Amino acid sequence: PRSSITIMNSIVAALAALALVVPARAQDGGVARVKEEPDYVKRLPFKPKLFEPVDAEDAEQHIKAAQEHGDAAPNYFQVGEEMLMLPEVFSNLDDAAVKQDFPHEGNAAEEEASRSSRWWGRLYIDGWPQTVQYMRAHFGEPPPAGLRPMILADPPDACAAVLNNAEEIKKYDAIVVAKRGTCTFGTKGKNVLASGGAALVIVNNEPGNMHAPGPDAHDLKLSVSMVAEDEGNLLISSMEKGMALMAAMVPIHCAAQSETVKTMELCRGSTEADRAIANSIIEGGWVKGLPGDAKHEYLQATFGTKIPTAKKYEIVHASPPNACNEGSELLDNAEQVAGKAVVIERGGCQFLEKAMKAWSSNASMVIIVNSETSINRYGCEPRWKGLKVDIPALMVTDKGGEALKLMKGKIVEFPASPKVRKDTWLKIDSYRDTTGWAKKKSEQKMQVRCHERYHYHWRYRDHTITVTITITVQNHDLN
């Protein structure tokens, strides 16, 4: 707890910044004095007071008058249609910490120091197709560690003294997601803390992101962060539809070069536990309900939303098959596609164009069929272009596409699996183009045995590797 002297000094510093108090000096016996109100303040049509709202015109007049007289501009924040004058306080974010090298491997104290001093990080949301960058506020505490539920604030702006869903928030020790606006960032933080939240993530209401100020909640015992408008609204939209999300707030440590850790990464999670979470996030799974219980894998795109793994989807095929009909934002069979998982062939136009037409046609999922027995996490650049797509998007192999051709009008599911990963298929593809083979034949044979054992239960991986080995034997004398 802070001493009364410390608290008084903070108040004095804040008031001094507003030209209302003269800081203590030795010749005054170390006592702060109330500063005489400047003439320009007396001439204002209102009497400025801390924490009391005024309209925007009055605030602008006060700021302009202070600047014309060479004083520091008063610290106004917009709250709804009014402006609130708040004291200036120092940021909890430490400039010096940003320049520190990575923690030494296995040094828990250094890792925790890194974690608590990062200015930004990434939300790793289980099953979500991409990470979401957050910016820590200038006030409050570092983010909590570990995976926990994300819950949408009720009311959505978190401006009720105790949130309507406080019981649920407290029960799950949840990360609370709230919309920006109506009340100050500090007020939102206080309300979420009073409701038992583990952290507050504010969704911006304008383009960009920032470190939210909170002079009215400087020492708040809660982590407060902000995410960009489009990415945050996609999360809110999914949660409003009933999607359950589990997330971890992973502070990111960046270093241009390191003398403590041998790594090619310029940025990574601060702690070993954070990095383990980042590496364990679900990327794909398999299609359930195909003829003969065939196990065809899928990988998520890097845009869209989480795949509800318990949901059942009716299959429909796009017209035209590759969804590249020019001059239309919809698929030709948009009426038949609505509410269903639409299967689209690769090629002819960009992945995002295919996904946008499926989304515009009210599809519930878009499935891209690859042109070979391989899958990858397709995406778009820049990433913001894909943020309109609020349905799941994924890819299956050509063999998976053949199986789905037999499923028109039938129901399938998409269970997730931690064993279906992008890196696995990239490795298989490296054998296809021969770049992944070791130079020595003895090591090549070891690679073959390892992969045959590892992929035994995944028929189409095994098939792909077998074909690859046959081609390699023919071309490179692997035997």
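Strands (E, at least two residues) are DSSP runs numbered from the N terminus, and two strands pair if DSSP finds at least two bridges between them. The model is predicted: local features need pLDDT of at least 70, side-chain atom pairs count only at pLDDT 80 or more, and totals for chains, interfaces and linings use all residues. Residues are numbered from 1 along each chain as its sequence is written, and side-chain values use heavy atoms, with hydrogens and water left out.

**View A. Hairpin of E4 and E5.** Strand E4 (residues 76-79) runs antiparallel to E5, and four bridges join them. Opposite Gln78 stands Met83 of E5. Two residues lie between the strands of this hairpin, where Gly80 has a positive phi near 65°.

**View B. Patch of negative charge on the surface.** The patch gathers Asp55, Glu57, Glu60, Glu81 and Glu82. Glu82 belongs to strand E5 (residues 82-85). Its relative accessible area of 39% makes Glu82 partly exposed, that is, between buried (under 20%) and exposed (over 50%), with a 1.4 Å probe and protein chains only.

**View C. Open sheet of seven strands.** The strand order is E14-E15-E19-E18-E17-E16-E20, with mixed pairing. Strand E14 (284-287) and strand E20 (411-412) are the edge strands, each pairing on one side only.

**View D. Parallel pair E18 and E19.** Four bridges link strand E18 (residues 365-369) with strand E19 (residues 393-396) in the parallel sense. Leu394 in E19 is the bridge partner of Ile367.

How values were computed: Patch = residues over 30% accessible without salt bridge, like charges linked within 9 Å, V, L, I, M, F, W, Y side chains within 5 Å. Areas by Shrake-Rupley, 256 points an atom, 1.4 Å probe, with all protein chains shown as cover. Salt bridge = Lys/Arg side-chain N within 4 Å of Asp/Glu carboxyl O. Lys, Arg positive; Asp, Glu negative; His and termini not counted. Charge placed at Lys NZ, Arg CZ, Asp CG, Glu CD.
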